[in-house]
Amino acid sequence: MPRRPFFARRASLLSLALAIFVAPPAWAQKSPEDELKSLTVPEGAELSLFAFEPMITNPTAIDIDTRGRVWVAEIQWYRRAAKNPPADKIKVLEDTDGDGRADKATVFAEDLFAPMSICVAGDKVYVATSPDLWVYEDKNGDLKADGPPKKLLTGFGGFNHDHGAHSLVLGPDHKWWMAHGDAGYKVTGVDGSQIEFPAGGMIRGELDGTKLENVATNFRNPYEIAVSSFGEAFCSDNDNDGNFSVRICWILEGGNYGWYKRPGPKFPPGTPYGETWHFRGAIPGFVPSTVVTGFGSPCGMCYYEGDAFPKLKNTPLHCDAGPREVRAYPHEKAGAGFKGSQVKLITSKDDNYFRPDDICTAPDGSLYIADWYDGGVGGHAYNNPDQGRIFRLAPKDKQLKRREKPGPYESLDDATVGLHSPNLATQFLARERLLAGGGESVPKLIHQFENSDENTKARSLWLLDRIGDEGRKFVIRQLNASDPAIEALAVRILRRHQDDREIEAELTKLAESELTEHETWRELLLYFAKRPGPEAEEAILRLAVRLPKGDRYAAEAVAIAARGRQDAIAKKVLAAGGADNAKFELMPYLATADETLQGYVAAFALSSPGNNVRLSLIDKLGLVLHSKAMRGMTAVATEPGATADERRRAIEWLTFNCAPAGLWSGLVGEADASVSAWTTQYETGDKAANREKLVACAKQLLGEADYQADALKLAATAGLTELGPEVLALVSGRDTAATVRDQALAVVVQTRPTGAGEALAKLLKSDDAALRNKAASALVEMAQFTSVKSLVTKGAEFKNASATVERMVQTTGGALALLKWIDAKEVDDAVAKLVVAKAINHPDANVRILFEKFVPENERPQRLGSAMKAADILKLTGDEKRGEQIFHQSSAANCKNCHAVRGFGKKLGPDLTTIGKKYEKAALLETIMEPSKAISHEYVTSIVETDEGLAYTGFVEKNEKVVLIRTAEDKTIRVPAKNVESITPSPKSMMPELVLKEVTAQDAADLLAYLMTLKEPLPAK
C-alpha cells in the first residue's frame, strides 16, 4: 500500500508507555486456554480456540471465505503507536488437519495502515483504511496479493482513528454496504456519483465503485452493518462515553438517526424512545433505535441465517467490546418497522482483557468471534499489542456439514445450491455465476424461488431483478404475492428503478390499493420519496392519510417521503379533518412553517379537555421544534378549563424542554453549547418575549397551591431567576407547606436570586429551629459564609457552632473561610480544634496543604508531584469510599469539575458512571496520567483565532452563523462565524497532564479503587 505521512507519536513513546506498566502480571492477562475457561457460552453450544498469539495479534475485523478460511485484519500498530511506513497485515488462517484449530497462517498483504475492515469477494479483497478504500486481487488463489492494491475510492474521514471507514459487507443485492463513523466523508464514485455527510452514515455502492448512495445518515460510530437476505439492515451505534445509549438500529432507508456530536435534550420519564435521548430518538424526524443496550463500545456484527443454531436464525449477532459481551438481538416486525430485544450469548466472568470485536458465519453455519484482547477499548487506552484470539462457536456434540460445494462455480446447478449457504462469500460466488448465466439462469432461479426457504426465495428475487428482462417481470408479478413479506420485498427491489415507467405505473397502482400491508405501505413511501412532481406528492398524501395509529416508524417513513415538500403535504393533511385523523400524528413531522404549525396548535386548542386525544396531543406538541409550540404549552399549563393531568403534563414538558440542554433552551435564553445545533434548526421567535411568557406562566403557577411544587421544579430547571421574589416569599411565608418551603430553599440555592443572602440570614433568627438549620445549610451551600459567621465565631454556643462547622468544612470554600477566621483569632479554641481535626483529613489536598501548619512536618503526607509513577500507585490497596470523597470533593484532583458519575458532576468530559467496566485497572490509570496519548474523537479541543487577534481554546461547535467554544472552565463563548480567522485542532487533552500531582499516592490509589467500582448505572427509579 502506498506510504502516507503520519505525524502521531512514534514507537519509542509506546516503549516508554509500556515501561510504565512493568509486567504482565500487573495487567492480569490470561493464557488463551485460561481465557477460554472464563467465558460463558449459550446452553447447547461450545466455544473453542481457533487461533491465538503469536499466530495473530489484535484482530480488528474478520471475514470467512467459501472454503472456511478466516481472513484477519490485524492491527498491531495503532493510534499513538502507529508506524510510518505502515506495518499492519492481512492474514489468512487455515485449519488444514481438521482438528478445529488454525495451524497455518499466510500473510496475504502487509504494510497496511490500521485496517478495520476485510471483505472477501471472490478473487478480490476489499479493505477500507480511511481515507481510502483499497482492492487487492488474488487471481491465482495462492492467498498472496498479486501486487499493490488499487485505490478504488477516497474521501473517507477518520485517518488513524476508529470513527472512519469500517467493514464492508456483501449484500443480497450484489452491492457492498459500509458503516462509517462520525469523522464524516465526501466521496466521489468511479462514475461521478457522490456521497457526503459530516457525521456517520450507512453507505452502499456497486463493487466497481459506481452508483454510490447514502442509505441512512447521522450516526455516531457504527462499526458494521448487517444485511438480511430480504435487504433489511441493522447496525449498532456507539454512544458518547458514559451516556448508556449504545443502540441497535433497524435501518429505515433515507432516515436521519439523530446524532449531533454532544448529547442533546432529555425528555420526561416515560417518553417513548426517551432512553435514547443521546441520539434524539424521541424527536420526530429522527429515527429511533429498536434496542438500547446501555454502556458499551459496540463493534462488528453479522446477520445470522444458518441452521446450526435454530434459535439464532434470522437474528443480528453482535460484539460489544466495552462490557465484553457477544449478544443476539431478536427482532420481530411491528407495524411498518421492527421491535427488538437482546440476549447475551458470550461474556467474560473475570477477564478484563476479553474484547470481542467481530463475528462472522462460516459455510457450515458455525460462528467465528475475533477478540482484540486488550486492557482498553480500541485506541483510547491501547496497551497490549502482542496478543489476540479467535474463537469458534458451534453446537455441542454435533458434527456440522455444509450442503454446497465451495465456489467458484462452473455449473449453474452448483451455483443455485451455493445460493443456500449462510456464508456471504459463498453466496457472492453463487450470484456471480448465476448473473453470468443471464437468461439461462432465470428458470433455475424461479424454480429455486418456488421451492426453497424464505431466505433463498429472497436471494433469488434480488438476482432475478438484476438479470432483468424476464427475471424482472417475475419480480413485478410478486407485487400481487399472497405473502406480505414477498410483496414488500418486491417493492423494495423495484423501487431502485426510478426511471422505469412500467414499474412507476405498477407501484402507483399499488399505492392506491386500500389493502396494502404496513411493510409494503412503507416501501411505497420510500419509492415516492425519490420521485419529483405533483403525482408523487398526491401518492404520498394518499399513503399518509392511512397512517397506522401510534406507529413511529410509519410516521418517520412519511417524513422521509415528504422531505422538501412538508408544508404542501401538511396543508392537505390538515384539510382532511377529524380529531383522530393522521394529521395529529403527522404534524410534528410536517409542520415546519408558521402557517401549518399554527393550524396544528389551533386543532389542539379546539379539542375537548379531559380526553385521551388531548393528552396525546400535548405529548406531540412537546416534540415540536418551534416557538409557537413552547408558547402553546404555557397556555395549556395555565388554562383554567384544562384538567390537572393536562396541566401537569404541560408543566413537565416545559420543565424538560426549557432546561439548559432542553429542546426549547434556545427559545428562552442562551442554549447550552451541547445543543447549539437546535438554534439553527427551528424558528426561535423573539427570545425575550418567549422567556417573558415562560416566566409569567411559572409565576401564575406559584400562586396556585396545587401547582407550587411543579412550578418550583420548572423555575429551578429553567433557571428562572426572575422569580426570586416569589420563591423567597414561599421560603419565609408562614402558610407555606413544609415540603414546598424545602423545595423553595433548594431553588434559591440553585438560582441564587438577588437578595437571597439577606432573606435567608433573617431566617437564622426564626423561632423554628428546623427552619434555622435549613437556612444555615442553604447559606453554606451558596457560599454565603459571612451570613453564618456569627454561628461559629467567639461567643457562639459550641453545639450550634459544631453543626455549622460540619457543614462548612465539607466544602473547600467553607474550609478556607474557617481557616481565615482561625488565623484572625475570631474563633474559640474548641471550635478551632474541631475545624483542624476535620480539615487535615479533607479529601481536597489543597485544603490539607493549607492546614498543614497545624501538623508537625514529619507527619505530613508526601504528594506525587511531577515524578509520579504508575507502579507506586498500583502497588497500594485503595479505599473506594475515600476515593469517592476525593472524586466529588477534591479540588486538587478536579474530577467533578469535568466528569459526572451517576448524575453528579459536570459533563465537560466523558461520563464515568461505568468506567470501571470499560477499562482494566492499569489502562484506566494510564488515561488519567497521560490523557493526551489518545483523545476520544469528540473531546479533541481546538484553538480558535479571531480577526481581532483573540484566541480561545476549548470544544468547538459551529454552523454558518456562529462558532461556540466550550472552555475548560465550562463557559461557552460565542463568536460570529464571520469573525473567525482559523480553527486549529490541538494535540493536547483539556484534561491536565499532571492532574494527580498535588495528591498523595494513596489518594490516587483510593481514587482508582473508586473508579474501578463504577460498572453499572444506578437502576432507574
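Two strands count as paired if DSSP finds at least two bridges between them. Keep that in mind while touring this model, which is predicted.

**The whole chain**

Start with everything shown. The secondary structure comes to 36 helices and 36 strands. Of the 1021 residues in the chain, 59% count as buried. Among contacts between residues at least 6 apart in sequence, 62% join residues at least 24 apart.

**Stop 1: a hairpin**

Select residues 185-188, strand E13, and residues 194-197, strand E14. The two strands pair in the antiparallel sense, over four bridges. Pick out Tyr-185 and look across to E14: the residue opposite is Phe-197. Together E13 and E14 make a hairpin, with five residues between the strands. In the turn, select Gly-192, whose phi is positive, about 95°.

Now show the side chains of E14. Which residues of E14 are on the covered face, and which on the uncovered one? Ile-195 and Phe-197 belong to the covered face, while Gln-194 and Glu-196 belong to the uncovered face. In a regular strand, side chains alternate between the two faces of the sheet.

**Stop 2: a sheet of four strands**

Next, colour strands E2, E29, E28 and E27, which form an open sheet in that order, with antiparallel pairing. At the edges are E2, residues 45-52, and E27, residues 356-361, each of which pairs on one side only. On average, neighbouring strands in this sheet are turned by 25° against each other, ignoring direction.

Zoom in on E27 and on E28, residues 367-371. Their antiparallel pairing runs over five bridges. Select Thr-361 and find Leu-367 of E28 opposite.

**Stop 3: a sheet of five strands**

Move to the open sheet with the order E1-E26-E23-E22-E21, where the pairing is again antiparallel. Strands of a sheet pair through backbone hydrogen bonds, either parallel or antiparallel. Why is one side of E1 and of E21 left without a neighbour in the sheet? E1 (39-40) and E21 (298-304) are the edge strands and each has a single partner strand, so one side of each has no neighbour in the sheet.

Inside this sheet, select E23, residues 325-328, and E26, residues 343-348. They pair in the antiparallel sense over four bridges. Arg-327 has Lys-344 of E26 as its bridge partner.

**Stop 4: two helix pairs**

Two packed helices are described by the angle between their axes and the distance between the axes.

Select H5, residues 424-437, and H7, residues 454-467. Their axes come within 10 Å and cross at roughly 35°, and the crossing is right-handed. H5 makes the contact with Gln-427, Arg-431, Leu-434 and Leu-435, and H7 with Arg-459, Leu-463, Arg-466 and Ile-467. By class, these residues are four nonpolar, one polar and three charged.

For the second pair, select H33, residues 880-889, and H36, residues 1001-1012. The axes come within 7 Å and cross at roughly 95°. That makes H33 roughly perpendicular to H36, because angles of 65 to 115 degrees count as roughly perpendicular. On the H33 side, the contact is made by Glu-880, Arg-882, Gly-883, Glu-884, Ile-886, Phe-887 and His-888. On the H36 side, select Asp-1003, Asp-1006, Leu-1007, Ala-1009, Tyr-1010 and Leu-1011. The contact has six nonpolar, two polar and five charged residues.

**Stop 5: a covered helix**

Go to H11, residues 518-528, which is mostly covered, with ten of its eleven residues buried. The buried residues include Trp-521, Leu-524, Leu-525, Leu-526 and Phe-528. Charged residues can be picked out here too: Glu-519, Arg-522 and Glu-523 are also among those buried.

**Stop 6: two single residues**

Select Gln-743, in helix H24, residues 738-751. Its relative accessible area is 24%, so Gln-743 is partly exposed. Leaving aside neighbours within four places in sequence, Gln-743 is in contact with Ala-709, Leu-712 and Lys-713. Lys-713 is 30 residues from Gln-743 along the chain, and their C-alpha atoms are separated by 8.1 Å.

Finish at Gly-550, in the loop between H12 (534-544) and H13 (552-562). Is Gly-550 buried or exposed? Gly-550 is exposed, because its relative accessible area is 62% and the cut-off for exposed is over 50%.

Terms used. Residues numbered from 1 in each chain as written. Predicted model: local features only at pLDDT ≥ 70, side-chain atom pairs only at ≥ 80, totals over all residues. Heavy atoms only, no water. Axes fitted to C-alpha atoms, helices over the stretch in contact; angles between N-to-C directions. Parallel < 35°, antiparallel > 145°, perpendicular 65-115°, else oblique. Contact = heavy atoms within 4.5 Å. Buried < 20%, exposed > 50% of the residue type's maximum accessible area, 1.4 Å probe, protein only. Left-handed = near helix turned anticlockwise from the far one by under 90°.
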